[in-house]
Amino acid sequence: MKMDRFTEQAQDVITASQELVRELRHTQWDVEHIVLAMLEQQEGIIPEVFEKLGVDVQHFANRFRDSLKKTATVSYDSQQIYITPRISQLVDRANAEVRRLRDELIGVDHLLIAVISERHGDT
């Protein structure tokens with residue numbers, strides 16, 4: 001994954017989501033890690049948008065974290081993170097959104113749209 005294709009804020013989300021994988025002792029990096037990283041991003045646009053929509057961001061983030069804690073873990077620190085096919089599909093959908101909007105880089109807004117389109121079965 002080429003990080004130079006992402007905005008700085010989106011790069012921060014990607015990095016934070018991979019740190020979550022390590023923190024939670026997972027071996028697979030999946031879409032839920034990215035969503036949680038977006039929700040927990042300090043001064044990020046996603047928490048701001050959700051709050052304006054009346055969504056309790058902290059509650060939502062806690063539910064994602066609780067769900068991720070139920071995922072299988074390993075007992076050792078793993079340096080290798082495996083990318084799930086869902087991550088690749090998410091990036092593909094985000095890239096499609098960049099092209100559709102005639103933007104240059106993938107931002108957190110494109111990632112969120114890609115997550116929502118996954119949830120609704122759009123590809």
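Predicted model: local features only at pLDDT ≥ 70, side-chain atom pairs only at ≥ 80, totals over all residues.
**Ground rules.** I number residues from 1 along each chain as its sequence is written.

**Entry 1: D30.** I looked up where D30 sits. D30 is in the loop between β1 (28-29) and α2 (31-40). Helices (H or I, at least four residues) and strands (E, at least two) are DSSP runs, numbered from the N terminus. Is D30 buried or exposed? D30 counts as buried, at 16% relative accessibility. Buried means under 20% relative accessible area, exposed over 50%, and partly exposed in between (1.4 Å probe, protein chains only). I then checked its partners. The side chains of D30 and T84 make a polar contact of 3.0 Å. A polar contact is a pair of N or O atoms within 3.5 Å; within protein, one must be able to donate a hydrogen and the other to accept it, and residues adjacent in sequence count only if both atoms are side-chain atoms. Beyond its neighbours within four places in sequence, D30 is in contact (heavy atoms within 4.5 Å) with T84, R86 and I87.

**Entry 2: R65.** I found R65 in helix α4 (residues 57-69). R65 is buried, with a relative accessible area of 15%. A polar contact of 3.1 Å links its side chain to that of E40. Leaving aside neighbours within four places in sequence, R65 is in contact with L20, E23, L24, L36 and E40.

**Entry 3: α2 and α5.** I next took α2 against helix α5 (residues 85-101). They pack at about 55 degrees, with axes 8 Å apart. Axes are lines fitted to C-alpha atoms, for helices over the stretch in contact, and angles run from 0 to 180 degrees between N-to-C directions. The two helices are therefore oblique to each other. V31, E32 and I34 of α2 meet R86, I87 and L90 of α5. R86 and I87 are also among the contacts of D30.

**Entry 4: α1 and α2.** Helix α1 (residues 8-23) packs on α2 at about 120 degrees, with axes 8 Å apart. From α1, the contact uses V13, I14, A16, S17, L20 and V21; from α2, H33, I34, L36, A37, M38 and E40. L20, L36 and E40 are also among the contacts of R65.

Conventions: Heavy atoms only, no water. Parallel < 35°, antiparallel > 145°, perpendicular 65-115°, else oblique.
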